[in-house]
Amino acid sequence: MIRKSLTVLVIDENHIRASIIEAGLREAGHEQVTVVHDVAGIARRIAEIEPDVIVIDLENPNRDMLENMFQLSRVVKRPIAMFVDRSDQASIEAAVEAGVSAYVVDGLRQERVKPILDMAISRFNAFSRMARELEEARSELEDRKVVDRAKGILMRSRGLSEDAAYTLLRKTAMNQNRKISEIAQSLVTAAGLLDPGES
């Protein structure tokens with residue numbers, strides 16, 4: 001399988017350090033590399049470039065600069081590899097919390113750029129997959145709760161058994177070409193309007 005070439009954005013105010021990263025990326029076969037030296041208006045630049053991966057190199061990051069980069073990583077929803085010269089435990093924890101895929105302290109060498117980038121992409125993909133699965137599980141649980149409430153309403157109001165209530169919900173969903181959870185939610189909402197004690 002041929003892997004598509006990634007569009008990589010490098011953010012670094014230091015031209016020499018940025019050239020080391022760029023050389024490492026190009027050596028690894030990444031031809032679409034954009035280097036930005038000014039972090040002002042970086043969110044707009046990211047929207048314009050639409051990179052697959054972002055590499056941020058901060059020489060001596062202060063607290064505000066790190067926080068700005070962490071906020072950026074929460075918003076852009078892309079793999080981010082961040083190189084810093086030095087760090088403390090709080091910064092590392094903040095980076096992980098912000099979703100930075102690779103946080104590398106004092107490790108900027110040309111030959112390390114490709115493996116770190118690969119690791120950042122893998123971690124981002126794994127995290128995204130887990131987040132999706134968690135959201136799906138939450139949604140399924142909520143759907144199940146709504147269906148159970150709707151079954152309870154039908155059992156009380158129409159004197160049905162639990163199986164008969166579920167069968168009625170399923171049949172209605174099939175007839176209307178909708179999900180059972182949607183029918184159940186409509187029933188729960190209507191019951192809440194007719195009898196506030198139901199909601």
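**View 1. Strand S1, a covered strand.** S1 is mostly covered, with six of its six residues buried. This is a predicted model. Strand S1 pairs with S2 in the parallel sense, over five bridges.

**View 2. The open sheet.** Five strands make up an open sheet. Their order is S2-S1-S3-S4-S5, and the pairing is parallel. Strand S2 (32-36) and strand S5 (102-105) stand at the edges. Each has a single partner strand, so one side of each is left without a neighbour in the sheet. On average, neighbouring strands of this sheet are turned by 15° against each other, direction ignored. Strands of a sheet pair through backbone hydrogen bonds, either parallel or antiparallel.

View 3. Strand S4 (residues 80-84) pairs with S5 in the parallel sense over four bridges. Met82 has Tyr103 in S5 as its bridge partner. Helix H1 (residues 15-27) packs on the sheet. H1 touches strand S1 (7-12), S2, strand S3 (53-58) and S4. The direction of H1 makes about 165° with that of S1. Helix H5 (residues 113-158) also packs on the sheet, touching S1, S3, S4 and S5. The direction of H5 makes about 145° with that of S5.

**View 4. Where H5 meets H6.** Two packed helices are described by the angle between their axes and the distance between the axes. The axes of H5 and helix H6 (residues 162-176) come within 9 Å. They cross at roughly 115°. H5 and H6 are therefore roughly perpendicular to each other. Their crossing is right-handed. From H5, the contact takes in Val147, Ala150, Lys151, Leu154, Met155 and Arg158. From H6, it takes in Glu162, Ala165, Tyr166, Leu168 and Leu169. The residues of this contact of H5 with H6 divide into eight nonpolar, no polar and three charged.

**View 5. Where H6 meets H7.** The axes of H6 and H7 come within 8 Å and cross at roughly 110°. H6 and H7 are therefore roughly perpendicular to each other. On the H6 side, Tyr166, Leu169, Arg170, Thr172, Ala173 and Gln176 take part. They meet Ile180, Ile183, Ala184 and Leu187 in H7. By residue type, the contact of H6 with H7 divides into seven nonpolar, two polar and one charged.

**View 6. Asn177, in the loop between H6 and H7.** Asn177 is found in the loop between these two helices. Its phi is positive, about 55°, although Asn177 is not a glycine. Most residues other than glycine have a negative phi, and most peptide bonds are trans. Is Asn177 buried or exposed? At 73% relative accessibility, Asn177 counts as exposed.

**View 7. Glu50, in the loop between H2 and S3.** Glu50 lies in the loop between helix H2 (42-49) and S3. Glu50 is not a glycine, yet has a positive phi of about 50°. Its relative accessibility is 54%, so Glu50 counts as exposed.

**View 8. Glu182 and Val146, a pair set apart in sequence.** Glu182 has its place in helix H7 (residues 180-194). With 35% relative accessibility, Glu182 counts as partly exposed. Glu182 and Val146 are 36 residues apart in sequence. In space, they are 8.9 Å apart, C-alpha to C-alpha.

**View 9. Asp88 and Lys171.** Asp88 has its place in the loop between S4 and helix H4 (89-98). Asp88 has a relative accessible area of 33%, so this residue is partly exposed. How many residues separate Asp88 and Lys171 in sequence? They are 83 residues apart in sequence. In space, Asp88 and Lys171 are 59 Å apart, C-alpha to C-alpha.

How values were computed. Residues numbered from 1 in each chain as written. Predicted model: local features only at pLDDT ≥ 70, side-chain atom pairs only at ≥ 80, totals over all residues. Heavy atoms only, no water. Pairing = 2+ DSSP bridges. Axes fitted to C-alpha atoms, helices over the stretch in contact; angles between N-to-C directions. Contact = heavy atoms within 4.5 Å. Parallel < 35°, antiparallel > 145°, perpendicular 65-115°, else oblique. Left-handed = near helix turned anticlockwise from the far one by under 90°. Nonpolar A, V, L, I, M, F, W, Y, C, P; charged D, E, K, R; others polar. Buried < 20%, exposed > 50% of the residue type's maximum accessible area, 1.4 Å probe, protein only.
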